[in-house]
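Subject: Structure for your review

Dear colleague,

Please find the structure below, together with its sequence. My notes on what was found in it follow.

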Amino acid sequence: MIPDLFAVMAPILAGAGLGFTWIRLGHPFPVDFVTRLVFNIGTPALVIASLTGADIDAGSFGRTMLATALVMILMGGATFAMARLLKQDWRVLLAPMMYPNTGNMGLPVVLYAFGSAGFAFGITVMVTVSLFQFTIGAIFASTGSPLKTLLRTPTVYAILIALFLLLTDTGLPLWLANSVDLISGFTVPLMLITLGVSLASIKVKNLKTGIGFSLLRIPIAALLAWGIGTLLNLPPLALSILILQMCMPVAVFNYLFAQRAKREPEYVASLVFCSTLLALFYLPILLAILM
């Protein structure tokens, strides 16, 4: 079991470590360009390539999206209790509670732990979280009209295309399928490298609070994901991946949103950093239970 777990975590550590080391050595990294590339081109290609080629029925896909949405809503409700416990403004904690790092950390872990069969469910959870984050998250970060944000998000259109192909059992032409597969290939490595770059760039001041938040959030997310997934009768593989994805560390994008909204970004940075650091310890334990 230990060699299997190390095989899952090693690529994650290698990719993120590369980005972290690159910045610490003083080399430049175009974070804005890479982020736009990943979210506007890489992620949509990854969604289409993964979902259209996956052995997943429409019912399981829909229930997984619904389960993810319900878990996030309940996590949002739990924010008020967490805010009282930590004596913090609920608006600061809402996004870190609701939006785990299902993308540039969650997807690689799912891929290496569960293979291509599980990766489709990992993508399903990730795109659901992204839809919430770039609509509801945009409202709280005061970034403009959530409808415009949604319409300008390429991943939304990728989901619609993938759903159409999935429901109609239609395949892409070979030349297009190969092109999409090629483009999607750079997404996961760039996600991991950017994660390392982001962590190296974050200044952390409150380690104690960040660790305390993570130790409280993880069991709440796991229990809610297990309860909702069981209630909706998710397939065992989908249930395991829902639990794993919702227990991921706080997404780096929460820090960027906090910066934009000027809502205690340094505090949110501590939550991102500490939760990611703790993930190196609790994810192997969680994987040992779920795999």
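This is a predicted model: local features need pLDDT of at least 70, side-chain atom pairs count only at pLDDT 80 or more; totals for chains, interfaces and linings use all residues.

Residues are numbered from 1 along each chain as its sequence is written, and side-chain values use heavy atoms, with hydrogens and water left out.

Overall composition

The chain has 14 helices and zero strands; helices (H or I, at least four residues) and strands (E, at least two) are DSSP runs, numbered from the N terminus. Of the 291 residues in the chain, 51% are buried. Here, buried means under 20% relative accessible area, exposed means over 50%, and partly exposed lies in between, with a 1.4 Å probe and protein chains only.

Helix H5 covers residues 106-133 and spans only 16 Å between its end C-alpha atoms, whereas a straight helix of 28 residues would span 40 Å at 1.5 Å a residue. The expected span is 1.5 Å times one less than the number of residues. H5 is mostly covered, with 22 of its 28 residues buried. Gln-133 belongs to this helix and is buried, at a relative accessible area of 5%. Although Gln-133 and Asn-254 are 121 residues apart in sequence, their C-alpha atoms are 8.8 Å apart in space.

Helix H8 (residues 154-167) has 14 residues and reaches 20 Å from its first C-alpha to its last, close to the 20 Å expected at 1.5 Å a residue. The buried residues of H8 are Thr-155, Val-156, Ala-158, Ile-159, Ala-162, Leu-165 and Leu-166. An α-helix has 3.6 residues a turn, so residues three or four places apart point the same way. After H8 comes Asp-169, whose phi is positive, near 55°.

Which backbone oxygen does the side chain of Thr-64 reach? The side chain of Thr-64 reaches the backbone oxygen of Ser-60 at 2.7 Å, and that of Thr-79 reaches the backbone oxygen of Met-75 at 3.0 Å. These are polar contacts, that is, pairs of N or O atoms within 3.5 Å; within protein, one atom must be able to donate a hydrogen and the other to accept it, and residues adjacent in sequence count only if both atoms are side-chain atoms. Thr-64 counts as buried at 0% relative accessibility, and Thr-79 is buried with a relative accessible area of 0%.

Loop residues with positive phi

Most residues other than glycine have a negative phi. Lys-87, although not a glycine, has a positive phi of about 55°. Lys-87 lies in the loop between H3 and helix H4 (90-98) and is exposed, with a relative accessible area of 77%. Asn-233, also not a glycine, has a positive phi of about 55°. The loop that holds Asn-233 is between helix H11 (207-231) and helix H12 (236-246), and Asn-233 counts as exposed at 58% relative accessibility.

The second largest pocket

The second largest pocket has a volume of about 250 Å³. A pocket is an open set of points on a 1 Å grid over the protein atoms alone, where a 1.4 Å probe fits, with protein on both sides within 12 Å along at least five of seven lines; lining residues have an atom within 4 Å of a point. Grid points are joined across faces, edges and corners, and the volume is the space filled by probe spheres set on the points.

This pocket is lined by 13 residues, of which Ala-16, Phe-20, Leu-199, Thr-276 and Leu-280 lie nearest its centre. Helix H1 (2-24), helix H10 (187-201) and helix H14 (265-290) are the elements that give two or more residues to the lining. H1 gives the most, with five residues. By class, the lining has 10 nonpolar, three polar and no charged residues; Ala, Val, Leu, Ile, Met, Phe, Trp, Tyr, Cys and Pro count as nonpolar, Asp, Glu, Lys and Arg as charged, and the others, Gly among them, as polar.

With kind regards
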